[in-house]
Number of protein chains: 2
Amino acid sequence: MSTLNDVARIAGVTAATVSNVLTGRVPVREATRERVLAAIEAVGYRPNMVARSLACGKTYTIALLVPSLTNPFFSEVVEEMERVAGTHDYQILLALSNGDLKQGARHLERLAGRRVDGFIIMGNAAATDDAVALAGTGKPVVLSVWNDPATAHILPIVDIDFRLAGELATRHLLEMGHRRIATILELPVQSTRLDGLQSVLSNAGITLPADYLRQGDSSFESGYYEMEALLALETLPRAIFAGNDTMAMGAMLAINDAGKRIPTDIAVVGVDDIMEAAYAHPPLTTVHIPKIGLARIALSRVLAAIEEEAVFPVMDTLIAPYLVVRQSTRVEVTRQSR
Amino acid sequence: MSTLNDVARIAGVTAATVSNVLTGRVPVREATRERVLAAIEAVGYRPNMVARSLACGKTYTIALLVPSLTNPFFSEVVEEMERVAGTHDYQILLALSNGDLKQGARHLERLAGRRVDGFIIMGNAAATDDAVALAGTGKPVVLSVWNDPATAHILPIVDIDFRLAGELATRHLLEMGHRRIATILELPVQSTRLDGLQSVLSNAGITLPADYLRQGDSSFESGYYEMEALLALETLPRAIFAGNDTMAMGAMLAINDAGKRIPTDIAVVGVDDIMEAAYAHPPLTTVHIPKIGLARIALSRVLAAIEEEAVFPVMDTLIAPYLVVRQSTRVEVTRQSR
DNA sequence: CTGAAAGCGCTTACAG
DNA sequence: CTGAAAGCGCTTACAG
């Protein structure tokens with residue numbers, strides 16, 4: 001692998017000049033420029049970014065710490081972030097916590113050692129304290145899909161208004177005429193969804209019975225089993241609000257397996273609008289979470305902090321979700337809404 | 001951010017000594033060692049990996065180029081690779097081609113500039129020529145899920161025996177008594193699956209009618225629409241072999257929507273065994289692809305090449321898939337097989 | 001066991 | 001517009 005000095009020697013100039021034609025930071029006479037370019041071509045020179053990073057104190061990398069890629073929510077967000085980062089010539093260093101805070105902390109430690117330019121930490125893939133400590137070293141840190149009220153105004157957060165998601169889903173079910181509404185949620189991470197549900201219910205003069213609140217773990221299986229438990233109750237619910245689409249689809253399978261019809265016997269609404277939701281059986285009404293928008297905003301916030309090198313403003317962004325009505329809550333919807 | 005020299009000054013030693021206690025490459029007297037460690041602690045020193053990389057000519061990073069994360073196949077493989085890389089203190093640089101060979105080439109170019117220690121390129125996320133050129137620079141390159149017969153024995157490939165997948169699926173359908181077997185495949189990427197299908201069929205004295213071979217694009221939608229086309233034929237097929245689970249699930253929805261029963265009227269078998277397959281309606285018989293094994297083998301092959309620094313043996317690994325029978329082909333299967 | 005020195009491949013003022 | 005020199009933060013023989 002040839003170096004900048006090789007190129008310089010061949011072009012009969014000094015390293016500084018080669019660097020100048022490469023970066024364009026300082027004007028170079030056209031003739032020399034062409035000689036340098038020819039030399040670069042001749043030896044197949046490719047700048048060593050490691051050396052450049054050391055000299056400049058900048059690596060053009062962004063660390064992305066997420067809990068898992070198996071969850072389509074995160075894989076979609078990561079995909080969009082990679083795309084955007086690429087257009088700015090930044091590379092993504094991917095780190096997965098697998099739901100283990102210790103592993104998240106270890107990752108942050110290592111990524112800091114690699115001198116990444118900024119961090120995005122999603123879905124509580126690390127402890128808030130560790131994130132705050134990290135930010136103390138001066139590198140921009142953006143939190144996203146963050147469930148820790150204590151963090152507000154300490155670090156910038158780009159988040160989804162999940163409370164609104166709960167409200168939208170519940171309001172829709174009420175409009176469909178349901179009053180016996182049960183819910184399957186992963187608490188505490190989905191507690192704001194529950195807040196939304198309960199505020200709308202209580203405004204309608206309804207209280208959520210204790211046995212209508214089931215604890216899931218966001219998996220398909222838990223949706224299935226918690227729905228089975230609901231189906232075993234004295235008074236069956238008429239509608240289900242699931243904390244995410246995956247649990248909603250598990251619940252739908254349980255309802256199908258029990259020989260009940262959706263939405264005639266029991267209506268189901270989820271949260272996320274993952275791709276599979278539109279093709280579920282029946283197509284699932286859900287609260288759409290703007291994942292692409294989330295990804296773009298979170299990434300542009302770190303990029304801005306990196307490039308401007310200004311003080312990183314602690315400002316929270318809350319992205320509003322919206323309802324997508326399909327056949328799991330309303331029979332007469334046309335095929336179009338897919 | 002304090003440096004190794006800061007630590008050295010505080011500990012009253014030279015940089016070399018600090019480096020020696022850090023790396024353990026050379027023994028250090030216990031007393032000095034402790035003074036150094038105390039100094040490290042005192043200033044909160046964290047080694048700069050960029051500088052170390054430059055000095056050592058090694059970055060402890062592996063580039064992973066895949067087409068997309070939206071496809072659960074790749075997100076699962078990437079997740080496992082990240083995990084394994086982490087245990088060896090390597091970091092994954094993630095790059096997505098989005099099915100664009102130009103973008104793949106650009107990524108490889110940039111990653112080479114970052115001096116990653118090795119490359120894994122999956123699912124034809126880059127042109128074979130570009131991969132070969134890259135390997136020419138001396139860094140280990142492993143191909144995986146690679147559909148280009150011309151590549152064999154030029155670069156090491158870790159792959160799945162998809163021809164066997166086609167054979168297993170077809171043999172199973174024949175055993176279930178079906179002879180009118182249609183298929184939905186994304187060609188040319190899934191052409192070896194077609195080879196497997198056809199060899200088993202012709203051994204059984206069956207030829208695949210031209211209108212029983214439908215071209216999909218691996219998406220749920222294409223599974224749905226191609227199945228609709230099959231349902232419009234004079235002579236309906238009795239069984240469907242879909243190139244992946246996603247198309248299989250699209251086909252199942254089309255069959256359901258047409259008022260036909262699975263597997264009584266039409267049996268369906270897919271390929272992949274994605275998580276959703278077990279929870280499809282009905283649970284999908286499919287050929288399980290060992291993604292975790294694939295991930296581990298591909299990664300350990302690059303790691304071995306990096307660490308041993310031996311000549312990289314061009315050796316192909318072909319991982320065998322296996323059949324998982326569920327209710328989409330056989331009614332009487334118990335709940336256990338989930 | 002520890003220090004002095006050179007080197008990894010770039011960038012960046014500073015002269016000229 | 002171009003060159004000489006120092007520096008980024010580490011590692012690595014080589015002396016002692």
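The model is predicted: local features need pLDDT of at least 70, side-chain atom pairs count only at pLDDT 80 or more, and totals for chains, interfaces and linings use all residues. Residues are numbered from 1 along each chain as its sequence is written, while chains are lettered from A and ligands numbered from 1 in the order in which they are written.

The interface comes next. Here 36 residues of chain B are in contact with 36 residues of chain A. Two residues are in contact if their C-beta atoms, placed from the backbone, lie within 7 Å. Five elements of chain B give two or more residues to the side that touches chain A: α4 (49-56), α5 (72-87), β2 (91-96), α6 (101-113) and α11 (245-257). Helices (H or I, at least four residues) and strands (E, at least two) are DSSP runs, numbered from the N terminus. The largest share of this side, six residues, comes from α5(B). The residues of the side of chain B that touches chain A divide into 16 nonpolar, 12 polar and eight charged. In this division, Ala, Val, Leu, Ile, Met, Phe, Trp, Tyr, Cys and Pro count as nonpolar, Asp, Glu, Lys and Arg as charged, and the others, Gly among them, as polar. The copies meet through the same surface, because 100% of the interface residues of chain B are also interface residues in chain A.

Strands also join the two chains. Three bridges link β2 (residues 91-96) of chain A to β2(B), and the two strands run antiparallel. Two strands pair if DSSP finds at least two bridges between them. A:Leu93 stands opposite B:Leu93 in β2(B).

Helix α5(B) also meets a helix of its own chain. The axes of α5(B) and α13 (residues 291-308) of chain B come within 8 Å and cross at roughly 45°. Axes are lines fitted to C-alpha atoms, for helices over the stretch in contact, and angles run from 0 to 180 degrees between N-to-C directions. α5(B) and α13(B) are therefore oblique to each other. Angles under 35 degrees count as roughly parallel, over 145 as roughly antiparallel, 65 to 115 as roughly perpendicular and the rest as oblique. The crossing of α5(B) and α13(B) is right-handed. A crossing is right-handed if the near helix is turned clockwise from the far one by less than a right angle, and left-handed if anticlockwise. On α5(B), the contact involves B:Phe73, B:Glu76, B:Val77, B:Glu80, B:Met81, B:Val84 and B:Ala85. On α13(B), the partners are B:Lys291, B:Ile292, B:Leu294, B:Ala295, B:Arg296 and B:Leu299. The residues of this contact divide into nine nonpolar, no polar and four charged.

Chain B also holds an open sheet of six strands, in the order β7-β6-β8-β9-β10-β12, with mixed pairing. Its edge strands are β7 (213-215) and β12 (322-324), each pairing on one side only. The twist averages 20° from one strand to the next. Four bridges join β9 (residues 267-272) to β10 (residues 285-288) of chain B, and these strands run parallel. B:Asp272 stands opposite B:His288 in β10(B). Helix α8 (residues 162-175) of chain B packs on the sheet, touching β6 (181-185), β8 (239-242), β9, β10 and β12. The direction of α8 makes about 160° with that of β9(B). Helix α10 (residues 220-231) of chain B packs on the sheet too, touching β6, β7 and β8. The direction of α10 makes about 150° with that of β6(B).

Some backbone features stand out in chain A. Most residues other than glycine have a negative phi, and most peptide bonds are trans. A cis peptide bond joins A:Leu187 and A:Pro188, with omega about 10°. A:Pro188 lies in the loop between β6 (181-185) and α9 (191-203) of chain A. A cis peptide bond also joins A:His281 and A:Pro282, with omega about 0°. A:Pro282 lies in the loop between α12 (275-278) and β10 (285-288) of chain A. A:Tyr60 is not a glycine, yet has a positive phi of about 55°. A:Tyr60 lies in the loop between α4 (49-56) and β1 (61-66) of chain A.
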